[in-house]
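Biologist: I've never looked at this one before, and I'd like to know what stands behind each label you use. Can you take me through it?

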Amino acid sequence: MSRELKRIRRRKAAQKKIDDIWEHSNSSLIVHYSCESFYDTEEGKTPRVTSIAVRNLASGQTESFSIHKIAEQRQLPFDEIHKNYDDLEREMLAEFFDFARTHQHFNWIHWNMRDINYGFAALEHRFRVLGGDPVEILEDRKFDLARALVSIYGLGYIGHPRLQKLIEKNKITDRGFLTGADEAEAFDNKEYVKLHQSTLRKVDILANIFERTADNSIRTNAGWLERNAAHPKIIVELIREHWAWSLIVMIAIVVGLIGRVTELF
């Protein structure tokens, strides 16, 4: 199968999944979280998690989990959070995984949450390190919106960093949004509320991007051919794969042979 045909099939699969999730938006969640820098931690140590936000795609209702909320419930001064980080992080993750346990059958929409550095596996690992027993969300319930957009619109659909460029291109409100570098700085400065507000803003932004993708109103840098997967090579390959094409070729061969025989006699 040609590269072009593989792409059009990935595009159809991604678009179909988006349509299915949109149809079941009441049982679909947007999830995002903030953590310390990937690069400033001790070698081999996964980044500490500071906050997690989960937004219902249909209602917009958002559940949030954060170390500063746990600290507030304990009446612990914010300037002492770093002294109690393990306990606060463990309790926050316990609350999150209790929520996940009762929502395992939901769709979980995310942005690049794919590995042990940043992803569901990282959250599970952090909880295990802190003595917890995480619930694992099934792979077929996870939907990476970042990868889906590449499948639908192509690698060049927007510049890097893609999330920020999409926000700018579509004029989406980004008040409180922090970049990765900004989040690392906020963590170092112990600005946990600021990190939490950024996480809340990001699930709102991701919901906005998902909705625009679902109704085909998302603005990208992809041209008409890329958006509609109408490259001439794709059209040729589709014709060749269709049974009618094979029949036409066979008829042409037979006609050609008959013509050659007629010439001989």
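Biologist: Which residue has its charged end over the ring of Phe177, and what makes you say so?
Modeller: That's Lys202, with its charged end 4.9 Å from the ring centre. The rule asks for NZ of Lys or CZ of Arg within 6 Å of the ring centre and within 35 degrees of the ring normal, so Lys202 over Phe177 gets the label.
Modeller: A word on the ground rules: this is a predicted model, where local features need pLDDT of at least 70 and side-chain atom pairs 80 or more, while totals for chains, interfaces and linings use all residues. Residues are numbered from 1 along each chain as its sequence is written, and side-chain values use heavy atoms, with hydrogens and water left out.

Biologist: How many helices and strands does the chain have?
Modeller: Eleven helices and five strands.

Biologist: What does Lys202 meet in a salt bridge, and how do you know it is one?
Modeller: Glu183 is the partner, at 2.8 Å from N to O. A salt bridge needs a side-chain nitrogen of Lys or Arg within 4 Å of a carboxyl oxygen of Asp or Glu, so 2.8 Å passes. Glu183 is in helix H7 (residues 180-188) and Lys202 in helix H8, so the bridge ties together parts 19 residues apart in sequence. Both Glu183 and Lys202 are buried.

Biologist: What share of the chain is buried, and what does the word mean here?
Modeller: Of the 265 residues, 45% are buried. Buried is under 20% relative accessible area, exposed is over 50%, and partly exposed is in between, using a 1.4 Å probe and protein chains only.

Biologist: Why is Arg48 called buried?
Modeller: Arg48 has 19% relative accessibility, and the limit is under 20%, so it counts as buried. The closest N and O atoms of Arg48 and Glu89 are 3.5 Å apart. Arg48 is in the loop between strand S1 (28-35) and strand S2 (49-56), whereas Glu89 is in helix H3 (residues 85-101), 41 residues away. The two also belong to a salt-bridge network with Asp86 and Arg126.

Biologist: How many salt bridges does the count give?
Modeller: It comes to 14. One of them joins Arg74 and Glu91 at 2.7 Å, N to O. Arg74 is in the loop between helix H2 (67-73) and H3, and Glu91 is in H3, 17 residues apart. Arg74 has 42% relative accessibility and so counts as partly exposed, and Glu91, at 28%, is partly exposed as well.

Biologist: How many aromatic pairs does the structure hold?
Modeller: There are 14. Rings of Phe, Tyr and Trp (its six-membered ring) pair if their centres lie within 6.5 Å; planes under 30 degrees apart are stacked, over 60 edge-to-face, and the rest tilted.

Biologist: Why is the pair of Trp22 and Phe210 called tilted?
Modeller: The centres are 6.3 Å apart, so the rings pair, and 40 degrees between the planes falls into the rest, so the label is tilted. Trp22 is in helix H1 (residues 3-23) and Phe210 in helix H8 (residues 192-214), so the pair ties together parts 188 residues apart in sequence. Trp22 is partly exposed at 38%, whereas Phe210 is buried at 0%.

Biologist: And what makes Phe99 and Trp108 edge-to-face?
Modeller: Their planes are 80 degrees apart, past the cut-off of 60, with 6.3 Å centre to centre. Phe99 is buried at 12%, and Trp108 is buried at 0%. Ring pairs link both into a cluster with Phe65, Phe96, Phe97, Phe120 and Phe127.

Biologist: How do you know that the span of H8 agrees with what it should be?
Modeller: The expected span is 1.5 Å times one less than the number of residues. For the 23 residues of H8 that is 33 Å, and the end C-alpha atoms are 33 Å apart, so it agrees.

How values were computed: Helices (H or I, at least four residues) and strands (E, at least two) are DSSP runs, numbered from the N terminus.
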